Amino acid sequence: MIALGGGWDEALGHLFSDERYKKIRQFLKQEYSTHVVYPDMYDLYNCFRFTPLKEVRAVILGQDPYHEPGQAHGLCFSVRPGIPLPPSLKNIFKEIESDLGIREPECGDLTKWAREGVLLLNTTLTVREHAANSHAGCGWQWFTDGVIETVSDRCENVAFILWGRNARSKKPLIDGAKHLIIESAHPSPLSAYYGFFGSRPFSKTNEYLRAHSRGEIDWDLND
């Protein structure tokens, strides 16, 4: 049994007991035993362990984990301390500086955001080393769609930040009458200049949270 804590075990119980999840588990057992897979299996559900369900104030959707050594640790876009900043993360920090005046941090570990109530969820939770999107067809999309629907149903006044085509395709799963949906291009260098830069998702999120008495998220990682 998986023990996530923070209210997630009960909320996601219908997913973990589903036959489709059992097939994902069997697939992962084979993959982890025969290939290098990221993140480490003990980090797989960190996005839930660091952010209790009742404390979720924002959701950032990534696609799949980083696929190079030492990067992925269960939080979308985040890398461990000491790992060079990937290009998309550098662009995220550039937008934060433009939006809020917060200088780029030296470390790309976003665990602080997770503890601030930002659910850093990839739509596919695992990947083979050096092989982007290699686990995209194993069933994770069904599972994480269920997570998005659960947050939408059970939480109030959450800012859902959807960057890029993959994340924006999840918009129908979110109740726009009770949550804020922020959409733009992906922060990847291939698309950041087509609508990501200047989109101000961080200040928009905080303005919304303030208006609904949920407090602001401290996006500054330099503390």
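Analyst: One bit of bookkeeping before we start: Ala, Val, Leu, Ile, Met, Phe, Trp, Tyr, Cys and Pro count as nonpolar, Asp, Glu, Lys and Arg as charged, and the others, Gly among them, as polar. Also, this is a predicted model.

User: Okay, on to the cavities. How many cavities of 30 Å³ or more are there?

Analyst: The count comes to one cavity of 30 Å³ or more. The largest cavity has a volume of about 40 Å³.

User: Which residues line the largest cavity?

Analyst: Its lining is made of Phe-93, Ile-96, Ile-102, Arg-103, Glu-104, Pro-105, Trp-113, Trp-219, Asp-220, Leu-221 and Asn-222.

User: And how do the residues of that lining divide into nonpolar, polar and charged?

Analyst: Seven are nonpolar, one is polar and three are charged.

User: Which element gives the most to the lining of the largest pocket?

Analyst: That's strand S3, with three residues. S3 (118-122) and H5 each supply at least two residues of that lining. By class, the lining of the largest pocket has 16 nonpolar, twelve polar and two charged residues.

User: What about the second largest pocket, which residues line it?

Analyst: Ile-2, Arg-25, Leu-28, Lys-29, Tyr-32, Met-41, Tyr-42, Leu-44, Tyr-45 and Arg-49 line that one, and its volume is about 280 Å³. Helix H3 (residues 19-34) contributes the largest share of the lining, four residues.

User: How many polar residues does the lining of the second largest pocket have?

Analyst: No polar residues there: the lining of the second largest pocket has seven nonpolar and three charged.

User: Switching to aromatics. How many aromatic pairs does a search of the whole structure find?

Analyst: The search finds 18 aromatic pairs. Take Phe-16 and Phe-143: the ring centres are 5.4 Å apart and the planes sit at 50°, so that pair is tilted. It links distant parts of the chain, with Phe-16 in helix H2 (residues 13-16) and Phe-143 in helix H7 (residues 140-154), 127 residues apart.

User: Are Phe-16 and Phe-143 buried or exposed?

Analyst: Both Phe-16 and Phe-143 are buried.

User: Which residues form an aromatic cluster?

Analyst: Phe-77, Phe-93, Trp-113, Trp-163, Tyr-193, Phe-196, Phe-197, Phe-202 and Trp-219 form one cluster. Phe-93, Trp-113 and Trp-219 are also among the residues lining the largest cavity, and Phe-77 is one of those closest to the centre of the largest pocket.

User: Backbone next. Which peptide bond is cis?

Analyst: The one from Tyr-38 to Pro-39, with omega near -5°. Pro-39 sits in the loop between S1 and H4. For context, most peptide bonds are trans, and most residues other than glycine have a negative phi.

User: Then where is His-130, and what is its phi?

Analyst: His-130 has a positive phi, near 65°, and is in the loop between strand S4 (127-128) and H7. At 52% relative accessibility, His-130 counts as exposed.

User: And Ser-213, what's its phi?

Analyst: Positive, near 55°. Ser-213 lies in the segment after H9 and counts as exposed at 70% relative accessibility.

Note on methods. Residues are numbered from 1 along each chain as its sequence is written. This is a predicted model: local features need pLDDT of at least 70, side-chain atom pairs count only at pLDDT 80 or more; totals for chains, interfaces and linings use all residues. Side-chain values use heavy atoms; hydrogens and water are left out. Rings of Phe, Tyr and Trp (its six-membered ring) pair if their centres lie within 6.5 Å; planes under 30 degrees apart count as stacked, over 60 as edge-to-face and the rest as tilted. Buried means under 20% relative accessible area, exposed over 50%, partly exposed in between (1.4 Å probe, protein chains only). On a 1 Å grid over the protein atoms alone, a cavity is a set of points where a 1.4 Å probe fits but cannot get out, and a pocket is an open set with protein on both sides within 12 Å along at least five of seven lines; lining residues have an atom within 4 Å of a point. Grid points are joined across faces, edges and corners, and a volume is the space filled by probe spheres set on the points.
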